[in-house]
Amino acid sequence: MVTFAIALIALVLGYVFYGKFIERLFGADPKREVPATSMADGVDYIAMPTWKAYMIQFLNIAGLGPIFGAIMGAKFGTGAYLWIVFGTIFAGSVHDYLSGMISMRHGGESLPQLIGRYLGGPVQKVFVIFSMVLLVLVGAVFVSQPADILARLTPDTMGVNLWIIIIFIYYLLATLFPIDKIIGKFYPIFGAALLFMAFGIMLALFVNRPELPEMWNGFGTKYDKNPIFPMMFISIACGAISGFHATQSPLMARCMTNETKGRLVFYGAMISEGIVALVWAAAATAYFGEHGTDQGAAAIVLEISKTWLGKVGGLLAIIGVVVAPISSGDTALRSARLIVADFFHLKQKSIGSRLAISIPLFIITLGALLYSLRDKEGFNIIWRYFAWSNQVLSVFTLWAITVYLQSKGKNILVTLIPAMFMSTVTCVYILMAKEGLNLPVYMAYAGGALFTLILLSLFLIWRGKLKKGLVQPKE
């Protein structure tokens, strides 16, 4: 429990001190006009109170990742705690804050537009494909698990398939309606349920004081076929760093009323998600100690919530676990609509223009969902590709932010180091994994190091040209 308590305190201190440092580095300007007022359209650009923007951002990014990912990552012992803490403070929160604030500076631009601005047109085209694949996968994988939990809690007549249909209908409505009609009204309530769930489980941990691994007892793992590097860093994605978050940040960048609120909305929401991941990693570790590791993540969530929080508390906790992925799924598809609209310069004022983009997206998402429902392995394949593509998006974003910081003459180490680390993680994983090239470990490590050195070399070449005045700084 000592390591868990230290990790929890570290996350809070990270927000207070490192979050403030990153805010100063960016130069948040309280007097600067924001897109919510300068570009208000009554659909996507709508001014919102800061507390509401924070709750929506938190719920948008906190899907299954910080819960299911943390449960799977807990098998790696105290290494999971360290990755959640250091990843959240120095990588994930920085990634979310700077991507959101840069979007805000550019009129709430979608992430692919920002990637094109700082990494060039060819990279932007690749990124659009990658981001659309990820968002469709999010829409698919974040349906089946909530539907499964809901089916377990309701009469047999309301099976998984019926809940999938209901969730999909909700997705369509939330994607089409103005952001303040559904998302703005209900997400703060759902976000409160998710926070209650995390606080309740955390309180139960301190009351029950289960035996948890301590960092001075070592970081070893019994899972030799899944080495801690890179497997843990892919498994625990949303609870440490996630490229998906940067696709969501522009939604609130279009709704915030002041740049100085960005630290709470972007950096703070990611710290909150890190706390959720930390709590569930600890709870899962305690659960594994008593029951082993055979059960799936959904079953573990249900049992822990009911056992530790009682009937009422357990029900509220389960609601939080259900609405988190559903809310991430609908905003993922909303983000996909906005990305397509921005890329092709399509206005989204009319319902017809929104339908023209949304219907094809939903057909593709439904196809991915049906594939994932073939059998257990179908879902696992979709999930693994989602986890990897999620981290690949963070690599694109971190390198783009590094170029932005260099262009402004600011400290680039805050994103350069995470960019290099995540570049290595994603490359090693796809070289090593069965769903990738399935290469021997030593070849995967060598390939990952080489890939990262190539990216670093390309950046340093551009940086040298920038200093010599051979290229113009990115604006």
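Biologist: Is His 345 buried or exposed?

Modeller: Accessibility is sorted into classes: buried means under 20% relative accessible area, exposed over 50%, and partly exposed in between, with a 1.4 Å probe and protein chains only. His 345 counts as exposed because its relative accessibility is 68%. Before going on, note that this is a predicted model, where local features need pLDDT of at least 70, side-chain atom pairs count only at pLDDT 80 or more, and totals for chains, interfaces and linings use all residues. Residues are numbered from 1 along each chain as its sequence is written, and side-chain values use heavy atoms, with hydrogens and water left out.

Biologist: Where is His 345 found?

Modeller: Helices (H or I, at least four residues) and strands (E, at least two) are DSSP runs, numbered from the N terminus. His 345 is in the loop between α13 and α14 (351-372).

Biologist: What is the phi of His 345?

Modeller: Most residues other than glycine have a negative phi, and most peptide bonds are trans. His 345 is not a glycine, yet its phi is positive, at about 55 degrees. Asn 438, also not a glycine, has a positive phi of about 55 degrees; Asn 438 sits in the loop between α16 and α17 (441-467).

Biologist: Which residues does a cis peptide bond join?

Modeller: The cis bond is between Phe 229 and Pro 230, with omega about 10 degrees. Pro 230 belongs to helix α10 (residues 228-235).

Biologist: How many helices and strands does the protein have?

Modeller: There are 17 helices and 0 strands. The radius of gyration, taken over C-alpha atoms, is judged against the globule rule, 2.2 Å times the number of residues to the power 0.38. Here it is 21 Å, close to the 23 Å that the rule gives for 475 residues, so the protein is as compact as a globular protein of that length. Along the principal axes, the C-alpha atoms fill a box of roughly 65 × 50 × 40 Å.

Biologist: Of the 475 residues, what percentage count as buried?

Modeller: The buried share is 60%. Helix α11 (residues 243-253) has 11 of its 11 residues buried, so the helix is largely enclosed by the rest of the structure. Among them are Phe 244, His 245 and Gln 248.

Biologist: What reaches the backbone nitrogen of Phe 244 at the start of α11?

Modeller: A polar contact is a pair of N or O atoms within 3.5 Å; within protein, one must be able to donate a hydrogen and the other to accept it, and residues adjacent in sequence count only if both atoms are side-chain atoms. In this case a side-chain oxygen of Ser 242 comes to within 3.2 Å of that nitrogen.

Biologist: Which residues does Thr 415 touch, not counting those up to four places away in sequence?

Modeller: Contact means heavy atoms within 4.5 Å. With that exclusion, the partners of Thr 415 include Val 94, Leu 98 and Leu 398. Thr 415 lies in helix α16 (residues 413-432) and counts as buried because its relative accessibility is 0%.

Biologist: What class does Leu 119 fall in?

Modeller: Leu 119, in helix α6 (residues 111-119), counts as partly exposed because its relative accessibility is 26%. Not counting residues up to four places away in sequence, Leu 119 touches Phe 396, Trp 399, Ala 400 and Val 403.

Biologist: How many residues apart in sequence are Leu 119 and Thr 88?

Modeller: They are 31 residues apart in sequence, and 25 Å apart in space, C-alpha to C-alpha. For Thr 307 and Ala 204, 103 residues apart along the chain, the C-alpha separation is 9.9 Å.
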